[in-house]
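Dear colleague,

Please find below the structure that I am handing over to you.

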Amino acid sequence: MIWLDWQRVEKIIKEEKPKTVIIVGPDGIIDVLLDLGEKLESMGIKSYISGDPSYGSCDLQINKINVTGADLIFNVGHTIGIENIGNVRFIDFQYMFNDEDINKIADLIMNYITDNKLIGKIGLYTISNYYFAYLKLLEKLKGRVDIVEPRKYETLLQGQVLGCNFYSAFVPEVKFNFFLGESLFHAIGLQLSSEKETFIVDPHMKIIYSVRNEANKYLRASFARIAMANSAEKIGIIIGEKEGQVNLQKANFLSREFRKFGIKTFNIIMNEIIPEKVNKFQNLDAFIETACPRIPMNVEGFKKPLLSYPEALALIKLKKKIPVDNPYRGAIWF
Ligand code: SF4
């Protein structure tokens with residue numbers, strides 16, 4: 001079952017009286033966005049549903065206000081620890097699980113720990129769309145397994161991870177990470193950043209499995225990209241335009257560093273960093289993007305090696321003859 005915080009939408013409408021809104025969210029919940037748009041239209045509020053996916057709270061699409069003259073953007077499904085940024089209103093969206101489901105998931109975790117003889121403290125983390133289930137599960141497990149209180153990053157919810165921020169899971173005494181949600185993307189990030197064995201707990205399928213092997217595959221691919229980029233003589237440094245991904249300082253730093261090795265660098269700017277756009281720069285040997293660290297890991301089709309910022313730092317180490325290991329070790333990747 002899914003739940004959208006309609007009460008918050010109504011409160012915003014009552015207090016701020018928008019005439020036009022833009023509705024933004026990830027591709028996976030397009031129908032939820034359409035439903036919201038239909039409801040708002042029936043209340044006399046002009047609604048534009050974004051056809052561009054929003055990948056996170058870093059991807060707000062504020063430029064759509066300039067084009068449409070809208071008063072507000074409803075960003076659905078990327079709840080964080082703050083409710084508004086400028087004209088953007090974050091609207092919570094949850095996958096709901098009843099008590100019976102939560103009990104089953106708690107039993108699943110407890111049995112998994114026993115059957116696999118996992119000895120040591122565990123940490124439990126999630127993403128925003130499972131937060132209600134997460135809080136219930138956390139309570140259920142307390143006192144029944146050796147579970148550690150998660151940390152809270154300043155703008156995130158306690159225990160929440162993003163695709164590039166695993167701060168909540170950086171609790172030294174934790175030995176095993178459990179991630180509630182179906183997203184392999186986040187669980188692999190958790191494994192790579194913490195280097196602790198991470199298990200995905202899929203609440204829909206009611207299964208648990210380790211993501212260690214999958215994470216190792218990502219790591220090998222990352223090393224291969226770095227090694228290939230090491231012979232590049234001309235590197236394109238791509239700056240992303242999305243609001244939370246603009247990193248001019250990092251791009252300038254990388255340009256300066258690579259020029260010290262006699263490498264020509266070219267600043268490139270674009271919104272969506274996709275193979276169709278990057279592959280046009282045929283005369284460049286490699287690319288570094290300073291926008292989202294997950295793009296090289298999760299988007300296929302780039303013809304030349306494309307590195308993320310942590311991978312670019314690893315490449316600088318390689319050039320300085322410093323041994324390179326996991327570029328993704330660490331709580332925060334930006
Ligand atoms: S992983 Fe990428 S899309 Fe997700 S929050 Fe980080 S920068 Fe944004």
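The notes below cover a sheet, the helices around it and the nonpolar cores.

This is a predicted model, in which local features need pLDDT of at least 70 and side-chain atom pairs count only at pLDDT 80 or more, while totals for chains, interfaces and linings use all residues. Residues are numbered from 1 along each chain as its sequence is written.

Helices (H or I, at least four residues) and strands (E, at least two) are DSSP runs, numbered from the N terminus. An open sheet of four strands runs in the order β8-β9-β10-β11, with mixed pairing; two strands pair if DSSP finds at least two bridges between them. β8 (121–126) and β11 (207–210) stand at the edges with a single partner strand each, so one side of each has no neighbour in the sheet. From one strand to the next, the twist averages 25°; axes are lines fitted to C-alpha atoms, for helices over the stretch in contact, and angles run from 0 to 180 degrees between N-to-C directions. Four bridges join β10 (residues 198–202) to β11 in the antiparallel sense, and Ile 208 in β11 is the bridge partner of Val 201.

Two helices may be viewed with this sheet. Helix α4 (residues 99–115) lies across β9 (174–180), β10 and β11, at about 40° to β11. Helix α5 (residues 131–141) packs on the sheet and touches β8 and β9, its direction making about 160° with that of β8. Contact between two residues requires their C-beta atoms, placed from the backbone, to lie within 7 Å.

Helix α6 (residues 184–194) is mostly covered, with nine of its 11 residues buried. A residue is buried if 20 or more other C-beta atoms lie within 10 Å of its own, exposed if 12 or fewer, and partly exposed in between, with C-beta atoms placed from the backbone. The buried residues of α6 pack against β8, β9, β10 and α7 (212–229). By contrast, helix α1 (residues 6–16) is hardly covered, with one buried residue among its 11.

The largest nonpolar core has 59 residues, and Phe 178, Val 201 and Leu 307 are among those with the most contacts inside it. Such a core is a set of buried Ala, Val, Leu, Ile, Met, Phe, Trp, Tyr and Cys residues joined through C-beta atoms within 7 Å. Domain 2 (99–210) and domain 3 (218–319) both give residues to this core, so it lies between them; the domain bounds come from an automatic or database domain assignment.

Yours sincerely
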